[in-house]
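Please read the points below alongside the sequence and the model.

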Amino acid sequence: MPIFVGTGDTSSRIRSNRVGFASHSANPGTASEGDVYFNSSDGGLRAYDGSAWSAVGAGGGTFSGIASGTLSNGQTVIIQSNGTVVGVSSTALPQGFGSAKEFDSSVPTEMSTAYDSTNNKIVIAYIDNGNSNYGTAVVGTVSGTSISFGTPVVFASTSVKYPSATFDSTNGKVVIAYEDDDASDHGKAVVGTVSGTSISFGSAVTFESAAVSYVGSTFDSTNGKVVIVYQDDANNEYGTAIVGTVSGTSISFGSPTVYESAEALENVATFDSTNGKVVVVYRDSGNSNYGTAVVGTVSGTSISFGTPVVYNNANSPTPSATFDSTNGKVVIAYKDYGTSQYGKAIVGTVSGTSISFGSEVQFEAAIVPQVSATFDSTNGKIVLAYKDYANPTQANAGTVIVGTVSGTSISFDTATVFNDASQTQNISAIYDSTNGKVVIAFREADGNTGQAIVFNVTSSSNLTSTNFLGFSDAAYSDGATAKVQIVGSIDDAQTGLTTGSIHYVQRDGSLGVAASDPSVVAGIALTDTKILIRK
């Protein structure tokens, strides 16, 4: 039976053999008996009996069972082997670290990590202070909870600043953007090709023939383009972006576009693959250094921007952004001067050319000098690696914490120290999707060495590929008889759904637009609060 999501009486329909969008036609034309659509204007279902559309009930009804534990209204529910019903949940298991591995002994700084999914390698770009501040990169190979490195390779035989690495998955290349101190601080980029445990580079290409600073980058996988963001020092220090196209071992650029007509500090970028948008995050010096984000749309070799949106009404240094592809959300982590420089995170939702935010969540009640965010797509978790200024064992210890996005908010587990030496610096985290591990690069200032460590996020879930039942119809106490809405019913107790998209049950019981493991369909979102349950 086809199912349609509609907007009322219009003159056209879009058919799908299973699910999709459609509008109810006064002249249904190709409609077949048994077709059903959801009318968003009144929230009701319509069925076609062969000659006309008429209102029908919500569908499959409910199942009654004894609740094992408490249930909240709209919670995802499974049925257990003893016939009781229980909420879907996951349990965090001990999170494992391997041993830290040194990749450079000569005071490396300003590290930036990328994951080469073509060759299944980690690439760390950095400044080699022991070698005239040359731009340098090294290739890492993850095996279990260990990482090994090849020999570091110079990508710029000049003094550099702000190296930013990203991976072009369309061409299978690493791109490193940076400021060239020996060329009047001009902005340059270089294309790297990983082979085995090494990396080779083409010739550097100038993307800005003027002084730049605060360089960041990301890869737009929808359009197959690299996007570099930076402060254009020759243009009033405005926040500026430029689109790069990789060809072989080189890269070419379109024209620069201003996204912030004020001094833009600490520019970083991430790519929202659900909406096909670039999200740039920065401190707006023209607006009290408030944390600000703006949505960019790539078209050909150009990029256009919506209106910047403030996510934190206070000075917000060291921002880091990542994209949660399970829930279709951007997550920004930062230091909040409005709350004693504590570590905060916030969830952003892209819509068109704008972004909106939920409420900020504190992940560390102490000064956080630096934070780096990445997304673990295997477990559907946000991982933040940061320097904890007030760690009770060792000040400035390297610390990691795992977050779970739900709707427009995020919650965090207990933080764990990965490096208890003082002055852990230059932290950069990246996710290795082949091995399902997070790699954290950092400088251990006690020995001034560059090191990396593998972090394993693990959890167990009571969800299987067959035991999902539906959604709790109300709140129930342990032992109460609970009604569970099942296939064919509409649950209206959700938040933050993406209308018209299939949603999957995640291991922790939340819903996401990407399948988890196991892959369990929950249904199709009819509005941001209603879901039509199906399997």
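**Notes on strand 19 and its surroundings**

1. Strand 18 and strand 19 pair in the antiparallel sense over seven bridges, where pairing requires that DSSP find at least two bridges between two strands, and strands are DSSP runs (E, at least two residues) numbered from the N terminus. Within this pairing, Val-160 has Asp-180 of strand 19 as its bridge partner. The two strands form a hairpin with four residues between them, and Gly-172 in the turn has a positive phi of about 70 degrees.

2. This is a predicted model, in which local features need pLDDT of at least 70 and side-chain atom pairs count only at pLDDT 80 or more, while totals for chains, interfaces and linings use all residues. Residues are numbered from 1 along each chain as its sequence is written, and side-chain values use heavy atoms, with hydrogens and water left out.

3. Strand 19 also runs antiparallel to strand 20, joined to it by seven bridges, with Val-175 opposite Val-191. Their hairpin has five residues between the strands, and Ser-184 there takes a positive phi near 60 degrees.

4. Eight of the eight residues of strand 19 are buried (under 20% relative accessible area, 1.4 Å probe, protein chains only). Lys-173, Val-175, Ala-177 and Glu-179 point one way, and Val-174, Ile-176, Tyr-178 and Asp-180 the other.

5. The largest nonpolar core has 18 residues, and Val-174 and Ile-176 are among those touching the most other members; such a core is a set of buried Ala, Val, Leu, Ile, Met, Phe, Trp, Tyr and Cys residues joined through side-chain atoms within 4.5 Å. Strand 18 gives the largest share of this core, five residues.

Conventions: Buried < 20%, exposed > 50% of the residue type's maximum accessible area, 1.4 Å probe, protein only.
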